[in-house]
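User: Walk me through this one, please. I'd like to start with charged pairs.

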Amino acid sequence: MKHAPGFLALVNDVKTRVRECTVDDVKAMLDRGESFQLIDVREESEWAKGHLPRARHLGKGIIERDIENAVPDHAARIVLYCGGGFRSALAADALQKMGYSDVLSMDGGWSGWNAKQYPVE
């Protein structure tokens, strides 16, 4: 997908403020059984076609509204992912502004996960 220049500028700005991890990092965290919240911020239609093991769905359109009920602990580690790592970075920035202190955006997203042929649900 070709992204609009304004969107890319916004994402690049946000990426200066958020922490990112790789799909390999997330796979290793899952394999080690680490405790963290894995949240898919893609659209409902994308989620329905498949998602990462242990993931929960909170789409980017509603995550700010629903995150505090879903993850009340503002110190909990949260890993967000989307299709490629752009929407999750935007969502991570919003969660940080809401006071969440350990938020990561998975760079590469669903596309990167599938390229590695990692397990999906």
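User: Where do Lys97 and Asp93 lie?
Analyst: Both are in helix α5, 4 residues apart, about one turn of the helix. Helices here are DSSP runs (H or I, at least four residues), strands are runs of E (at least two), and both are numbered from the N terminus. An α-helix has 3.6 residues a turn, so residues three or four places apart point the same way.

User: Before we go on, what sort of model is this?
Analyst: It is a predicted model: local features need pLDDT of at least 70, side-chain atom pairs count only at pLDDT 80 or more, and totals for chains, interfaces and linings use all residues. Residues are numbered from 1 along each chain as its sequence is written, and side-chain values use heavy atoms, leaving out hydrogens and water.

User: Back to that pair. How do the side chains of Lys97 and Asp93 meet?
Analyst: In a salt bridge, 3.2 Å from N to O. That term means a side-chain nitrogen of Lys or Arg within 4 Å of a carboxyl oxygen of Asp or Glu.

User: Is Asp93 buried or exposed?
Analyst: Buried, at 6% relative accessible area. Lys97 is exposed, at 64%. The cut-offs are under 20% for buried, over 50% for exposed and partly exposed in between, with a 1.4 Å probe and protein chains only.

User: Which residues are linked in a network with Asp93 and Lys97?
Analyst: Asp13 and Arg17 join them through salt bridges. Arg17 pairs with Asp13, the closest N and O atoms being 2.9 Å apart. Arg17 is partly exposed at 38%. Asp13 is partly exposed too, also at 38%.

User: How many salt bridges in the whole structure?
Analyst: The search finds 13. One of them joins Asp102 and Arg19, at 2.5 Å from N to O. That pair links distant parts of the chain: Asp102 sits in strand β5, Arg19 in strand β1, 83 residues apart. Asp102 is buried at 17%, while Arg19 is partly exposed at 38%.

User: OK, the sheet. What order do its strands take?
Analyst: β1-β5-β4-β2-β3, an open sheet of 5 strands with parallel pairing. Two strands pair if DSSP finds at least two bridges between them. The edge strands are β1 and β3 (56-57), each pairing on one side only.

User: How many bridges join β4 to β5?
Analyst: 4, and the strands run parallel. Arg77 stands opposite Asp102 in β5. β2 and β4 also pair in the parallel sense, over 4 bridges, and Leu38 has Val79 in β4 as its bridge partner. β2 and β3 are parallel with 2 bridges. There, Ile39 partners Arg56 in β3.

User: Which strands does α5 lie across?
Analyst: Helix α5 (residues 86-97) lies across β1, β4 and β5, at about 170° to β5. Axes are lines fitted to C-alpha atoms, for helices over the stretch in contact, and angles run from 0 to 180 degrees between N-to-C directions.

User: Now the largest nonpolar core. Which residues touch the most other members?
Analyst: Of its 20 residues, Ile39, Ile63, Ile67, Ile78, Leu80 and Leu95 do. α1 (5-14), α4 (63-70), β4 and α5 each give two or more residues. The largest share, 5 residues, comes from α5. Such a core is a set of buried Ala, Val, Leu, Ile, Met, Phe, Trp, Tyr and Cys residues joined through side-chain atoms within 4.5 Å.

User: And what is Leu80 in contact with?
Analyst: Leaving aside neighbours within four places in sequence, its contacts include Ile39, Val41, Ile63, Ala91, Leu95 and Met106. Contact means heavy atoms within 4.5 Å. Apart from this core lies another, of 17 residues, among them Phe36, Leu38, Val79 and Tyr81.

User: Switching to α2. Which residues are buried there?
Analyst: In α2 (residues 23-31), Val23, Val26, Lys27, Met29 and Leu30 are. They cover an arc of only 160° around the axis, which puts them on the same side of α2. The arc is taken from the directions from the helix axis to the C-beta atoms.

User: What covers them?
Analyst: The cover includes β1 (19-21), β2 (37-40), β4 (77-81), β5 (102-106) and α6 (109-115).

User: Last one. Which residue just after α2 takes a positive phi?
Analyst: Gly33, at about 70°.
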